[in-house]
Amino acid sequence: MDTLQGASPVTPIPPSPVPVSALTPPTLPGIDPSAAVKLRTKDVKIRYGTRVAVRDVTLDVPEHSVMAFIGPSGCGKSTVLRCFDRMNDLIPGATVEGSIELDGEDMYASGVLPVEVRRKVGLVFQRPNPFPMSIYENVAYGPRRHGLKDKAKLDEIVERSIRRAALWDEVKDDLRRKSGLALSGGQQQRLCIARTLATDPEVILMDEPCSALDPIATLKIEELIAQLKTEFTIVIVTHNMQQAARVSDRTAFFTLGEDRAGYLVELDDTLRIFTNPAFQLTEDYVSGRFG
Amino acid sequence: MNRVLLADRLATASLWGVALFVVGVLVAIIGHFVLASLPTFTLSFLVSEPVSEGIGGIGPLLFNSVYMLVLTMLITIPLGVLGGIYMAEYAKENRFTNAIRLSQEVISSVPSIVVGLFGMTIFVIGLGWGFTAIGGALTLLVFNLPLLLRLCEQAIRAVPADERAASLALGSTKWQTIRHAVLPVAIPGVVTGIVLTAGRVFGEAAALLFVAGDSVPSNYDYTFISLFDPRSPWSLFHKGTTLSLYIWNLNTESMNSQKEVIAAMSSMVLLVMVLLFNLSSRWLGRALARRVSGL
């Protein structure tokens, strides 16, 4: 694909003298143990009103990696994801306890505006939701709102973003003539990814981005994720375990506790979660015995 | 025949029937007035002044109708649209907003003659303005504003939540989201609301009867431009007798032997104006939506 940025999506494996054991995570392909932590949560508990939706979420997302959130429906994966760009602020009664840090800075500290967080952290929704505008205007939407008026610069950002979202060849002739809604589902989702890329985020959150797509469109998005992680940090919620196994470096497994609140059971390298997880619950879920 | 299929045919037929009936009534009304007025209709009827005996014209009344429309809408549109945005996007559910909603419902169902009496009490007698266009416009505002407010609120609420979420997730502020993601989608609905409200201004007679006056105007000097001198047709304080009021006047007080012909022609003009207004506003709504969507 000519849209590749040149860099290999796989980080070389550094030689590791540390013996592989359950206590010290092994070095696996795609993970650089020296990578900086991009997102860090500590003892996060999210409530809707008085009801606890998710609790005990402590995790690190290394920079330039893909983390998958898996788990049964209602276990709070999306809820946690949407805390990372403060979209939960929009739900009346939603509160977040604990800390969520982006590059070491608490994104819930007083004085931090949600708008600022959302300019660094993009979100791709479950259902493709382009604006009822031209393809061009869809992608230019973010930069325009951030104050960019220069036509030439906008043109450049729009083209670059659509190219990076592997959509350019399919839409380059109809940028201004075709509505974003006139594209196919898979194209719409890549348009939404392009729209997010145009805002130049550092982290991209994806909330089941392929659940409304056919297998071929899904494959395209997965290829795209593999390319994007060389430049971005990606967190993806998915119900599709094969997808988690294919695209992610690390996987977090959530489930629903006795108290009807979701919690983080286990977080490890994806290969380990799917082959040799530490918890029976995880083993049962990934092998399809429950959930 | 299969019973389910029969029911399907029946439903289709009756829905078609109802639709045809509605179109039929409209065609009958327009047809009646067109047929009744075509033999005597001339273009000069639209511009010349009314006379006490004979056909004359409706120039000043048409002028007043448009004047009243523009004046009322100048006040109603900003208040209605901004209020609709407030009610849809900012207002919390509490006693205050419930009171606003209740007032909207109640005012919408108050007979317009009662609103007219209210207008007379306040503007004609209370403020001592006498019969004026501005008094008429403010009276119309009383029941136009709640209507437009509600229609705008509904149009804005009908915008899918996805649209808002997408805009916010791209790092837009709330106002940017309203301005650039919500309003463009809501515009056709807002324009429809404006047209409905404007149609009421154009057609309303009862509410204006005691406020704007029903005297038949004459000797309009359009070159005399003043906002406050009641002798100027452009003045806020001139008597704002509209075309609808003239039709009312013809049917109640006029001794004119041609009054039935004049009333029929005036009604046709009124109908055509409302029709043109509706069509052009649809076109306007679409054009606006296209403009903001960059297509």
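Helices (H or I, at least four residues) and strands (E, at least two) are DSSP runs, numbered from the N terminus. The model is predicted: local features need pLDDT of at least 70, side-chain atom pairs count only at pLDDT 80 or more, and totals for chains, interfaces and linings use all residues. Residues are numbered from 1 along each chain as its sequence is written, while chains are lettered from A and ligands numbered from 1 in the order in which they are written.

Two strands pair if DSSP finds at least two bridges between them. On β4(A), residues 94–102, there is also antiparallel pairing with β1(A), residues 37–48, over eight bridges. Here A:Tyr48 stands opposite A:Ala94.

These strands belong to an open sheet of 10 strands in chain A, with mixed pairing and the order β5-β4-β1-β2-β10-β9-β3-β8-β7-β6. β5 (105–106) and β6 of chain A stand at the edges with a single partner strand each, so one side of each is left without a neighbour in the sheet. Elsewhere in the sheet, β7(A) (residues 203–207) and β8(A) (residues 233–237) run parallel, joined by five bridges. A:Ile204 stands opposite A:Ile234 in β8(A).

Next come the helices. Two packed helices are described by the angle between their axes and the distance between the axes. For α3(A) and α6(A) (residues 185–197), the angle is about 35 degrees and the axes are 7 Å apart. Axes are lines fitted to C-alpha atoms, for helices over the stretch in contact, and angles run from 0 to 180 degrees between N-to-C directions. Residues meeting across this pair include A:Ile135 and A:Tyr141 in α3(A), and A:Leu191 and A:Ala194 in α6(A).

Two residues are in contact if their C-beta atoms, placed from the backbone, lie within 7 Å.

The predictor gives the complex an ipTM of 0.83 and a pTM of 0.79.
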